[in-house]
Amino acid sequence: MVYDNNNGGEYGKFFVQNSPGPGMDADFKKIYDKFAKRILWMDGSVCPGAFQMNTAWYYAVPERDPIFTEHAHGDTNELIGFFSSDKDNPYDLGGKIEFSIEGEAHLLTHSTMIYVPAGLRHNPMRVLEVNRPIFHFSIIMKDTYDGEDVYK
């Protein structure tokens with residue numbers, strides 16, 4: 001038996017094809033929708049036992065700079081990625097993103113994965129240029145994204 005997408009079967013609940021994620025502050029959502037489109041969101045509320053992952057396409061420069069502010073996750077590592085959408089040149093990001101760890105800024109122009117150990121301050125993140133869509137993901141190895149560990 002083959003089940004249509006995630007409909008039916010004992011394990012259909014593990015196939016997530018429509019999960020836009022948690023709500024955003026209304027003002028931030030207006031900004032976000034102008035430069036990005038979330039694809040899917042996974043966490044323990046979507047699929048019990050799952051860790052948190054966010055996926056999105058960035059397709060424009062946001063009107064707010066920086067778009068994401070500095071914070072840290074005290075007890076959780078994070079993996080963050082930015083990938084080219086050019087199948088013929090998958091390492092050319094097709095834009096410029098500035099990403100900081102502990103105040104050390106790095107300019108990204110190539111497809112990049114970033115490992116952020118627990119407790120390290122990261123961001124601000126600045127999307128400086130987008131010439132074609134950039135695929136973005138972030139993964140935190142716990143069942144919810146915890147924004148409470150923000151350093152002020």
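**Exercises on salt bridges, a helix and a buried asparagine**

Arginine 126 has a relative accessible area of 26%, which makes this residue partly exposed (buried is under 20%, exposed over 50% and partly exposed in between, with a 1.4 Å probe and protein chains only). We are working with a predicted model, in which local features need pLDDT of at least 70 and side-chain atom pairs count only at pLDDT 80 or more, while totals for chains, interfaces and linings use all residues. Residues are numbered from 1 along each chain as its sequence is written, and side-chain values use heavy atoms, leaving out hydrogens and water.

**Exercise 1. Find how confident the predictor is along the protein chain.**

Step 1. Begin with the average: the mean pLDDT (the predictor's confidence in each residue, from 0 to 100) is 91, and 96% of residues reach 70 or more.

Step 2. Over residues 148–152 pLDDT stays under 50, and the model has twelve contacts (heavy atoms within 4.5 Å) for them beyond four places in sequence.

**Exercise 2. Work out which parts of the chain arginine 126 ties to aspartate 65.**

Step 1. Check the pair. Arginine 126 and aspartate 65 form a salt bridge (a side-chain nitrogen of Lys or Arg within 4 Å of a carboxyl oxygen of Asp or Glu), with 2.8 Å between the closest N and O atoms.

Step 2. Arginine 126 is in strand E7 (122–130) and aspartate 65 in the loop between E2 (52–58) and E3 (78–83), so the bridge ties together parts 61 residues apart in sequence. Helices (H or I, at least four residues) and strands (E, at least two) are DSSP runs, numbered from the N terminus.

Step 3. Look for a further partner. Arginine 126 also forms a salt bridge with glutamate 98, the closest N and O atoms being 3.3 Å apart. Glutamate 98 is in strand E4, 28 residues from arginine 126.

Step 4. The structure holds eleven salt bridges.

**Exercise 3. Decide how the buried residues of helix H1 are arranged around its axis.**

Step 1. List them: in H1 (residues 26–35), Phe28, Ile31, Tyr32 and Phe35 are buried.

Step 2. View H1 down its axis. The buried residues fall within an arc of 100° (taken from the directions from the helix axis to the C-beta atoms), so they line one face of the helix. A handy reminder: an α-helix has 3.6 residues a turn, so residues three or four places apart point the same way.

Step 3. Check both sides. The buried residues of H1 pack against strand E1 (36–42) and E2, while Ala26, Lys30 and Lys34 are exposed on the other side.

**Exercise 4. Describe the surroundings of asparagine 54.**

Step 1. Asparagine 54 is in strand E2, and its relative accessibility of 7% counts as buried.

Step 2. Find its neighbours. Not counting residues up to four places away in sequence, asparagine 54 touches Arg38, Leu40, Trp41, His136, Phe137 and Ser138.

Step 3. Pick out the polar partner: the side chains of asparagine 54 and arginine 38 are joined by a polar contact of 2.8 Å. Such a contact is a pair of N or O atoms within 3.5 Å; within protein, one must be able to donate a hydrogen and the other to accept it, and residues adjacent in sequence count only if both atoms are side-chain atoms.
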